[in-house]
Amino acid sequence: MSTHPGLSSRRGFLRGLGAAVSLPALECFRPLMAAETVRRGLATTASGAPLRTAFLYIPNGVNLEHWRPNGTTGNYKMGATFKPMESLREHFQIFTGFEQQFARANGDGPGDHARGVATFLTSSQARKTAGSDINVGISIDQVAANAIGSQTRLPSLELSADGVRKSGSCDSGYSCAYQFNLSWRSENQPMTPESNARAVFERLFGAGDAKERADSLGRRYAAKKSMLDFIQHDAQALHRRLGRTDQHKLDEYLTGVREIEKQIEKAEAMGLPPDPGQAAPKGEPGSYEDHLRLMLDMMVLAFKTDSTRISTFLMAHDGSNRSFKEIGVGDGHHNISHHQGKKDNLEKIAKIDLFYMQQLAYFLDKLKNTEDVDGKSLLHNSMIVYGGCIGDGDRHNHDDLPIVVAGHGGGAFKPGRHVDLGENVPMSNLYLRMLEEMGVKEKRFGDSTGVLRKI
């Protein structure tokens with residue numbers, strides 16, 4: 001303990017983790033963690049390591065014949081789509097029987113793609129509204145971020161390999177905000193995802209090399225503090241001369257200023273961003289696969305350095321009509337998802353499903369091969385949900401969803417199985433269980449009927 005100043009408690013250790021995690025050996029920290037496992041905190045595992053949570057979204061449904069496993073529990077046989085995951089079998093579970101009932105029309109007409117993305121993490125009904133008058137619900141990642149976000153430099157990290165849209169009309173009259181945003185801060189405020197890997201890197205670690213980042217951070221803090229001091233002094237003088245209504249408006253403004261001050265205080269308390277041990281990405285990715293993998297790399301870096309413990313990744317929005325010529329599919333994904341039972345279309349869908357599964361395998365493999373502070377892997381200390389809100393693209397059904405849960409949750413989960421829930425179980429039940437593992441107590445979320453125990 002005496003050899004590690006500032007690490008007088010597990011909480012202090014976890015906050016300081018980002019600066020140390022890129023070192024090759026971390027044995028010196030393990031006795032500290034082992035001694036304090038009885039005091040498990042928010043978003044930590046039983047060993048005291050950070051517990052990470054990620055949600056990855058795939059669009060347009062899947063070829064269920066190639067997706068469905070044969071058999072249940074640990075003796076199941078994987079479907080053809082899961083071939084890239086064979087070496088990772090002991091690290092993930094396939095679930096059958098999840099549904100998102102609020103992704104259905106429920107009197108609101110067509111628009112399953114927009115509702116699918118909007119509902120996936122909110123378990124709430126999105127309604128067709130004019131212009132920017134959007135309303136759905138807070139997403140599960142933001143429920144978690146509100147509770148545990150103070151533990152890390154960033155409360156959460158929102159990623160996309162798509163364009164960013166928060167307004168306009170998209171699927172059947174639904175706002176584009178529903179279709180292009182997976183994460184929601186509130187019922188009407190989406191968390192805008194970042195699709196530029198370099199921008200993500202600089203948000204996590206700053207621009208330039210390590211020295212330049214440190215110098216830049218100091219200058220930014222000083223500039224912001226100077227600006228805030230000026231605003232506060234000026235505002236106090238102005239406040240005395242205003243009427244009651246204007247004083248109220250000014251007080252609301254100063255509340256926002258105070259939030260900026262809190263952000264600066266938090267950042268200063270945590271010190272410099274950790275050195276990720278690699279340079280920022282350069283230029284635009286050469287292909288869609290390169291783009292996906294760059295963003296997945298950013299997520300691994302964010303988890304490795306404990307910059308955040310919560311992330312979402314919209315790999316593509318539902319309704320995406322991207323073609324995949326590099327794997328022999330020149331048709332638009334959305335077009336062929338309406339397969340009408342045609343063999344040719346179904347084979348093309350299977351190729352696309354396999355492509356996305358290869359990206360998941362890439363991500364999980366990187367997590368598996370990255371040692372965490374407790375000697376286990378990042379994958380062991382993670383909860384990763386992968387899937388979409390449409391089962392069969394031709395039917396636009398929102399039950400029998402294609403869902404994978406990867407990671408061991410720090411030892412709380414039992415991967416290596418196919419779990420057939422046997423009936424339509426709300427995805428929100430899974431989310432409640434994940435919140436529970438993070439130490440966040442919620443009685444209900446969306447349409448939940450209880451905490452899922454079969455995991």
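Modeller: Gladly! Let us start with Asp297, which sits in helix H10, spanning residues 288-304. Helices here are DSSP runs marked H or I of at least four residues, strands are E runs of at least two, and both are numbered from the N terminus. A word on the source: this is a predicted model, where local features need pLDDT of at least 70, side-chain atom pairs count only at pLDDT 80 or more, and totals for chains, interfaces and linings use all residues. Residues are numbered from 1 along each chain as its sequence is written, and side-chain values use heavy atoms, with hydrogens and water left out.

Asp297 has a relative accessible area of 16%, so it counts as buried (under 20% relative accessible area; exposed is over 50%, partly exposed in between, with a 1.4 Å probe and protein chains only). Leaving aside neighbours within four places in sequence, Asp297 is in contact (heavy atoms within 4.5 Å) with Tyr362 and Lys366.

Now to the sheet. Seven strands make up an open sheet with mixed pairing, in the order E3-E6-E1-E7-E8-E2-E9; two strands pair if DSSP finds at least two bridges between them. Strand E3 (157-160) and strand E9 (417-426) stand at the edges with a single partner strand each, so one side of each has no neighbour in the sheet. From one strand to the next, the twist averages 15°. E9 pairs with strand E2 (residues 92-99) in the parallel sense over six bridges, and Glu99 stands opposite Pro426 in E9.

Helix H12 (residues 343-368) lies across E1, strand E7 (382-387) and strand E8 (403-406), running at about 175° to E7. Helix H5 (residues 140-148) lies across strand E1 (52-57), E3 and strand E6 (310-314), at about 155° to E6. For these angles, axes are lines fitted to C-alpha atoms, for helices over the stretch in contact, and angles run from 0 to 180 degrees between N-to-C directions.

Next, the packing. A nonpolar core is a set of buried Ala, Val, Leu, Ile, Met, Phe, Trp, Tyr and Cys residues joined through side-chain atoms within 4.5 Å. The largest one has 55 residues, and Phe313 and Tyr356 are among those with the most contacts inside it. Apart from it lies another core of 39 residues, including Val143 and Val405.

Just after H13, Gly439 takes a positive phi of about 85°.
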